[in-house]
Amino acid sequence: MNTTFGTYLRTTVWGQSHAAAIGCTVEGLPAGEAVDEEALCAFMGRRAPGGRLSTQRRETDQPEILCGLMNGITCGAPLTALIRNTDQRSKDYKAIADRPRPSHADLPAQVRYQGFQDVRGGGAFSGRLTAPICCAGGIALQILARRGIRVAAHLAAVGTVEDRPFSPMGETDAVLQARLERELPVLSDEADEAMAAAVAAARKSGDSIGAVIEGMITGLPMGLGGPLFEGFDGALAFGLFGIPGVKGVEFGDGFAAARRSGSAENDPWEPQLSAPGAAPAANHAGGIAGGMTTSAPILFRAAMKPTPSIALRQQTVSLEAGTAAELIVTGRHDPCIGIRAVPVVEAVAALAALDLLLAPPAVLSKDLPNAECWASEALKARAENTAQ
């Protein structure tokens, strides 16, 4: 079971939904970076359960950082954080050992792990494992912010209700802050009210509803990433598909680009004073061309399926009897997993972006992207040899 994401910044998630604890270990964090634990807890609180539109499972999601920090500053050693599970109700999952839930991992996991898997709360397949992802990503967000790199996401759609999209060339800090002050993380008051009503209606009927999350990364300099399997879009998509419930990912115009002409879809270059002397005048590509950053905002969307755990009667099988059976899922579940997944998308995007910056030749200036970037020793040596 591989639970590690990243190449130069490696995040390993561990634990199970109803185990004593879950957590993460992050290798490759640069030394000398301050971690504001209060800000980290505030970020993780956006993903935490509770509230009228989410599961009623109560977890504080307070991370205990066991190692990797000295006086609140990264020391270069791997950082490990533990999050204790305190509100499990394992009895709610007794029936699913025999009657697997539709559209869950229950039956494939039964086959893959020969019945030894932890079925409680979905075990290692649970959305509960996104809490340590937010812990690791929350630290990455702080490191990126000190370099002028921002990561944000919002609910682009819940069912058929849509929010306005991000501006292709970025949003103001005021707009991004306002989305966090509404009941749902959206850009417009109208979408907030209509989406909340749609989620409440799904919950009342015992059903669930899907969502689309739109993400944006601003401040990345041009030329990061690479062709083929080094592409930043591929790395970010890999991380996004690790979030339970994600069924589709697209960048920029995404699938809509397939229905357009090149003259309409291309992003023209326009002159700029700073290096490299040009920048895209539009952003249909979502900030990535040939797997590399263009300096325009990275724009992407992740489609979240409806929560498969619903209170309605569903068809399944009895594994013991070998016959058709019915199942009514009990327990506490989100009517729309997309709501709490918004900070998870931000966390994954932050981890992918920091991993990108740490890839050789490393780019990790304290004031990216406005000043000359710090380069790895290998890049410095190459520049010196060229000068000679």
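Helices α6 (residues 232-240) and α8 (residues 337-358) pack with their axes coming within 9 Å and crossing at roughly 145°; helices here are DSSP runs of H or I with at least four residues, strands are E runs of at least two, and both are numbered from the N terminus. The axes are lines fitted to C-alpha atoms over the stretch in contact, with angles running from 0 to 180 degrees between N-to-C directions. The crossing of α6 past α8 is right-handed. On the α6 side, Phe-232, Leu-236, Gly-239 and Leu-240 take part, meeting Val-345, Val-348, Ala-349, Ala-352, Ala-353 and Leu-356 of α8, where contact means heavy atoms within 4.5 Å. Sorted by class, that contact comes out as nine nonpolar residues, one polar and no charged; Ala, Val, Leu, Ile, Met, Phe, Trp, Tyr, Cys and Pro count as nonpolar, Asp, Glu, Lys and Arg as charged, and the others, Gly among them, as polar.

All of this comes from a predicted model, with local features needing pLDDT of at least 70 and side-chain atom pairs pLDDT 80 or more, while totals for chains, interfaces and linings use all residues. Numbering starts from 1 along each chain as its sequence is written, and side-chain values use heavy atoms, leaving out hydrogens and water.

Zooming out, the protein chain has nine helices and 18 strands. Of its 388 residues, 49% count as buried, meaning under 20% relative accessible area, with exposed being over 50% and partly exposed in between (1.4 Å probe, protein chains only). Among contacts between residues at least 6 apart in sequence, 70% join residues at least 24 apart. Helix α3 (residues 130-145) is mostly covered, with 15 of its 16 residues buried.

A few loop residues are worth a look. Most residues other than glycine have a negative phi, and most peptide bonds are trans. Asn-71, in the loop between β5 (69-70) and β6 (73-74), has a positive phi near 55° and counts as exposed because its relative accessibility is 79%. Leu-228, in the loop between β10 (211-218) and α6, also has a positive phi, near 50°, and at 77% relative accessibility counts as exposed too.

Technical notes. Left-handed = near helix turned anticlockwise from the far one by under 90°.
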